[in-house]
Each structure stands twice: as C-alpha cells, then as structure tokens.
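Dear colleague,

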Amino acid sequence: MGLLTGLENIVRCGEPLAMHAWFQLGGPAEYFAEPENIDQLVELIRRCHEEDVEMRILGQGSNILVRDEGVPGMVIHLSAPAFCDIRIEGRSIVAGAGALLGRTVTTTVNRGLAGLESLIGIPGTVGGALHGNAGTRSGNIGQWTINATVITTSGEICQRVGDELVFGYRQSNLDDLVILEAGCELEEDDPKALARRMQKQWIVKKASQPMGHQCAGCVFKNPRGVSAGELIDRAGLKGTRIGGAVVSDRHANFIVSEPECTSQDVLRLIDLIRSQVRDRMGVDMELELEIW
Ligand code: EPU
C-alpha cells in the first residue's frame, strides 16, 4: 500500500504554507493533511512512521517561520471540528488541540472559571500553547493543566497526568508527536470581575505589542527573565530592516513582514539582532519562534 492510498481525500501535495502562517511567508509542504477524525489521524501517523516520512503538526501558525524552500514530509493540520471541541466539566475545561486559545479563554471567563484569563490576546491553538507553555508575566497555561492526551510517533494514544506533565518557561515535556486534548482545572470566581481582568489584560497587550497577521509572537525567549524586547530596543535596533522584514517600533521582540518580504529576510534579520545584542549587550538570546 502506498503512503497515500485511501487517504487521498485528506492529503494534498505541495500546499503553500504561507497561507497557514501568521507571517504569510514560506514555501509549500510536500504533503499536507487535514484528517477529519482520530482514526484517520492515527492511520496517517502509522503510515508516515512505517514509510519514514517526517511529520510536523501545524496549529494556527502564529509561532512558526516557514523557510522559502518549504518543508519536506507531512504537515498535519488539526482543523476539523473533531479536534476543536471545548467542554466544561465542573471546574475543569477540556479543550481539543485545534481549539483556538482565545475561544478557550473566553469560554472559561464566561463560566466564571479563573486561571486562564491572563492568556487573552495570545494567538494560536490550545495544542500550540501547551507545546510551548504559552503565557504572560501573570501566568502560563501549564500551571493549570492537569492532564493531556497525546499520540506518539508510532501512532499510540497515551494519557499524561499529574507529575508526568512538566512545564517550564516557554517549554513543556509534551514532546510527543501530537497533543490531542488537555484538561485544565480552574478556580471559581465572579464572571464580571473576571471579564474586567481579561479586558484590562487585552488593553495592555494591544497597547504594547503589534497585533496583526503580518507578524508572529515574540521572536526570542527572555534570557534569564530579562525582556528580550528591552535588550533589542536598548541595542538601538527598533526599525532595523532587511528587505521586507522590520524590527517592530512598538515592541522590539516582534518582527513585522512588509509586502515583498521573504523568509530569508526574516532569518537574516534574526541573525543580525542576535549578533548585535551579543556584541552590544553581552547577552545570548534563544529563539522562541520555531523555524520550519
Ligand atoms: N520594553 C522596552 N522596549 C521594547 C519592549 C519592551 O523597553 O521594545 C520594556 C517595557 O517597557 C517593559 C519591559 O521591557 O518595561 C517588559 O516589557 P513587556 O511587559 O512587553 O514584557 P516582555 O518581557 O517584553 C513578555 C513575554 C510576552 C508577554 C509579555 C507580557 C516573552 C519572550 N515575552 O514580554 O510574551 O506577552 O511579557 O506579559 O516571554 C510571547 O512569548 O510570544 C510573548 C509575546
């Protein structure tokens, strides 16, 4: 049986990834799959595993930069309704990996469940948020997460609970191939007070960060708790441009892509920022953005 036999209706060849990434840059995926249910997803993973085809999971594309030459192997997009369900069970919320983080946050706030409201305004899916432990200075998703269902590279479905889940600053040990869904245990609170807290957070974020589709999230992690944005700003790099890639004037840890920008422009700007911050500020910065 060939790699795609029987899966033709869910797999496309040469899908341009630019339209699936916030930067709107980059080349195609060799194979691009949108499975409709878990059985199809597991079958797809098993086939790729057997045929040694590399797999990547795409969320909303808000924390990736796809290279201009595109990516080899299979890109799996969990966009079907089967992967995007959000349900409340008592004080917990259970969300599918493909559910948008924003919708998950507002669902909890409307139900008077506190914990996730500080995550408002962070783009992406629940799966992506868990993978990189998305958060703000006020909290992160990992601190509320009590269980996760994952699928391994060989297609086995497993549960991770309690101590098996380890979250650090913008990282988690959920490095299995697929995060399928996760549960967060929250605290009861007054929905009106919660909504006010969420709105406040949203206003601060909007005022301090560029929030559009022509950039992703923060490019670098904060080295040892120091704001990477502040370091890049103090190195005098706001507004620095390579081709169509520009260091944001609003927050220096964001790169904005202008018309005619290529991924190569962004990569060259990343190298420039990193070397200038090393030379001028004596600090090495690690990427938060994933390069595909
Ligand atoms: N600052 C500057 N210039 C800049 C940017 C920031 O001087 O260009 C200063 C600010 O004035 C402030 C300090 O740096 O005094 C900290 O700035 P901010 O509150 O924006 O926080 P940050 O450390 O730069 C982190 C997260 C953000 C998160 C904010 C708010 C990282 C890499 N960044 O940014 O997360 O939204 O706190 O909680 O952890 C992300 O991870 O993608 C992200 C955007």
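A polar side-chain atom of Ser-227 is placed 2.8 Å from an oxygen atom of the ligand, which falls under the definition of a polar contact as a pair of N or O atoms within 3.5 Å. This is a predicted model, in which local features need pLDDT of at least 70 and side-chain atom pairs count only at pLDDT 80 or more, while totals for chains, interfaces and linings use all residues. Residues are numbered from 1 along each chain as its sequence is written, and side-chain values use heavy atoms, with hydrogens and water left out.

Oxygen atoms of the ligand also lie 2.4 Å from a polar side-chain atom of Arg-137 and 2.7 Å from one of Tyr-169. Taken alone the ligand exposes 820 Å², of which the protein buries 74% (Shrake-Rupley method, 1.4 Å probe).

There are 20 residues around the ligand, and those that come nearest are Arg-137, Tyr-169, Cys-218, Asp-233 and Glu-288 (a residue is near if one of its heavy atoms lies within 4 Å). By class, this shell has five nonpolar, eight polar and seven charged residues, and helix H5 (residues 228–234) gives the most to it, with three residues (helices are DSSP runs of H or I, at least four residues).

With regards

Notes
Polar contact = N/O pair within 3.5 Å; in protein donor to acceptor, adjacent residues only side chain to side chain. Helix = DSSP H or I, 4+ residues; strand = E, 2+ residues; numbered from the N terminus. Nonpolar A, V, L, I, M, F, W, Y, C, P; charged D, E, K, R; others polar.
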